[in-house]
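Biologist: Could you walk me through this one? I am new to it and would like to ask as we go.
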Amino acid sequence: MQATSSRIGEPNIVAMGFFFVFIATTLGITYWAARRTRTTEHFYAAGRTISPGQNGIALAGDYMSAASFLGIAGLVSTTGFDGLIYSTGWLVGWPVVLFLIAEPLRNLGRYTFADVVAVRLRQTPVRIAAAIGTLATVSFYLIAQMVGAGGLIRLMFGIPYETAIVIVGVAMIAYVLFGGMLATTWVQIVKAVLLLGGAALLALLVLARFGWSPAALFAAAAEKYGDGVLSPGRLVSKPLDAVSLGMALMFGTAGLPHILMRFYTVPDAKAARTSVFYATGLIGSFYLMTFILGFGAMVLVGPDVIRGVEPGGNMAAPLLAEFLGGTPFLGFIAAVAFATILAVVAGLTLSGAAALSHDLWVSVHRREKADAAEQLRVARVATVGLGILGVLLGITFKGQNVAFMVGLAFAIAASANFPALVLSIFWRRYTTAGAVTSMLLGTASTLALIYFSPTLQIDVLKHSDAWFPLRNPALVTMPLSFAAGILVSLLAPRPGEAAGFDAVSRRMHLGQEIQPSAISLQPSDN
Amino acid sequence: MTDSFEARLSAVAATRWRVAIALTAAMIAVYFGFILLIAYARPVLARRIIPGLSLGILLGALVIVTSWILTWVYVRWANTRYDAALGRLRE
């Protein structure tokens with residue numbers, strides 16, 4: 001197999017065909033969902049009618065981005081074992097979501113994670129701070145997805161970058177605007193099934209060539225490229241970097257707004273629990289398959305050919321598909337990658353729109369006085385605004401190195417959203433001032449330290465060194481955010497806010513039917 | 001009666017958080033243990049279990065399998081003990 005024999009980058013009829021079918025199917029779903037999307041409860045939470053199994057698949061769809069499919073397969077195929085560090089890191093946040101977050105979130109909130117933090121604290125400051133954390137996370141994740149989308153689609157379909165970005169933007173706006181959470185959920189389900197099916201098919205075709213033995217595949221890789229590919233290498237030259245990235249991945253997962261929002265789509269806390277169980281199973285299987293795909297591409301395609309097509313290694317999985325199944329299979333995998341990006345940006349846009357309309361407009365600006373029609377209208381305006389913003393950001397950052405932005409989004413989620421969520425669920429004496437401090441400091445310190453890190457100073461700005469040593473700041477910023485929230489709450493205690501904790505605790509475990517009124521949880525002394 | 005309800009609820013809550021924190025700690029120990037082995041015990045991870053399968057790759061796969069087992073343990077506990085305790089509280 002030579003690089004010159006690859007048909008990547010040429011217009012691919014099969015890819016176009018699969019992609020057209022995907023768009024037609026998802027728009028059909030959107031048309032169906034649009035007639036069922038009449039209230040904000042439908043728009044944000046699909047009327048809370050999604051089953052645990054459906055939500056489990058949709059969670060996996062929301063989470064398995066093109067970065068993890070193409071990026072990790074590429075990393076394993078070019079570095080071997082080092083890529084596997086990411087495969088495991090992307091999964092280990094899910095048990096944390098299950099143990100600490102999913103059920104309390106479902107019982108305490110309505111549409112956003114700010115609902116939970118604000119439940120017994122002062123609405124306005126908490127919701128503004130939470131919206132800042134949400135929008136920062138969503139924006140950086142969105143930029144990474146959009147720029148990745150433009151580049152990938154240009155490589156795989158041969159259409160111009162800007163056209164690709166606009167196609168993604170228009171389709172994503174259509175799903176969310178008309179079909180709300182119901183359409184977004186089904187787009188995630190279709191995408192997750194395609195991605196898992198495509199990856200499984202690839203993995204089976206690889207294993208068939210090695211006598212169905214992963215060990216034989218790894219042995220072939222070691223024989224061809226040295227024993228080093230099976231053990232830790234230069235990527236982890238700095239242990240603290242690995243630990244810091246690990247913290248961002250593990251706890252950031254439990255603070256991603258578009259993931260958290262999915263727990264509101266199921267009928268109750270038990271369904272939320274079951275859905276994370278399914279999601280963990282599916283996502284874990286997917287990352288186990290990346291072991292096979294990565295080493296398969298290394299042995300069958302070769303790292304030099306992979307880097308020759310795209311220096312970042314992102315084309316490893318498509319090249320492997322082309323090697324195993326020719327142009328039609330390449331077309332299928334290319335269409336799956338496109339579908340993956342579309343689904344993830346739709347989920348991100350919906351969660352950003354919820355922060356803008358539910359938290360900022362309805363709760364802060366209108367003080368809960370907006371009627372149902374106005375709430376839905378504002379949510380849709382926010383969706384279109386965010387969609388256009390996503391397209392503009394995608395075009396602005398064309399050609400920039402934005403790979404670090406996914407890590408940055410996880411670091412903000414771990415440092416701003418996760419500490420506030422955990423402390424508000426667990427700690428009676430948590431106060432409004434503590435929550436606001438930890439969310440704002442978490443966001444600001446993450447942004448500042450990523451600016452001074454080697455990731456930005458050396459990789460992007462091409463300076464010779466960086467003031468802050470860690471490539472991902474979570475190791476510093478997450479403890480900082482926890483410490484600030486605890487310290488401020490202890491220094492200025494609010495007995496009135498603490499008094500609301502018993503009612504919160506009751507609702508957190510027993511659900512809303514016991515304590516239907518959110519107003520009764522509001523502090524009385526301020 | 002109200003007092004005893006509050007006391008029973010806080011007992012259920014305390015147990016639920018003990019289980020959650022123990023399982024979270026186990027997940028943290030497994031994952032960061034793996035990362036620290038990668039950082040400080042590279043020769044150990046390079047060791048072959050069988051031809052082709054290094055200890056590092058095996059442990060990486062086991063981190064994922066452990067995540068599954070821990071989520072299964074929690075769901076199993078919650079579906080039986082926790083839900084039953086909540087059911088008694090609702091009566």
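**Helix packing and the chain contact**

Modeller: Let me begin with a pair of helices: the crossing of H8(A) and H15(A) is left-handed, a word used when the near helix is turned anticlockwise from the far one by less than a right angle. This is a predicted model, in which local features need pLDDT of at least 70, side-chain atom pairs count only at pLDDT 80 or more, and totals for chains, interfaces and linings use all residues. Residues are numbered from 1 along each chain as its sequence is written, and chains are lettered from A and ligands numbered from 1 in the order in which they are written.

Biologist: At what angle do H8(A) and H15(A) pack, and how far apart are their axes?

Modeller: Helix H8 (residues 123-157) and helix H15 (residues 316-365), both of chain A, pack at about 160 degrees with axes 9 Å apart. That makes H8(A) roughly antiparallel to H15(A), the term for angles over 145 degrees.

Biologist: Switching topic, how many residues does each chain give to the contact?

Modeller: Chain A gives 44 residues and chain B gives 42, where contact requires C-beta atoms, placed from the backbone, to lie within 7 Å.

Biologist: Which helix of chain A gives the most there?

Modeller: H13(A) does, with 10 residues on the side of chain A that touches chain B.

Biologist: And what is chain B built from?

Modeller: Chain B has 3 helices and 2 strands, which follow the pattern α-α-β-β-α along the sequence; helices here are DSSP runs of H or I with at least four residues, and strands are runs of E with at least two. Its C-alpha atoms fill a box of roughly 65 × 20 × 10 Å along the principal axes.

Notes
Axes fitted to C-alpha atoms, helices over the stretch in contact; angles between N-to-C directions. Parallel < 35°, antiparallel > 145°, perpendicular 65-115°, else oblique. Contact = placed C-beta atoms within 7 Å.
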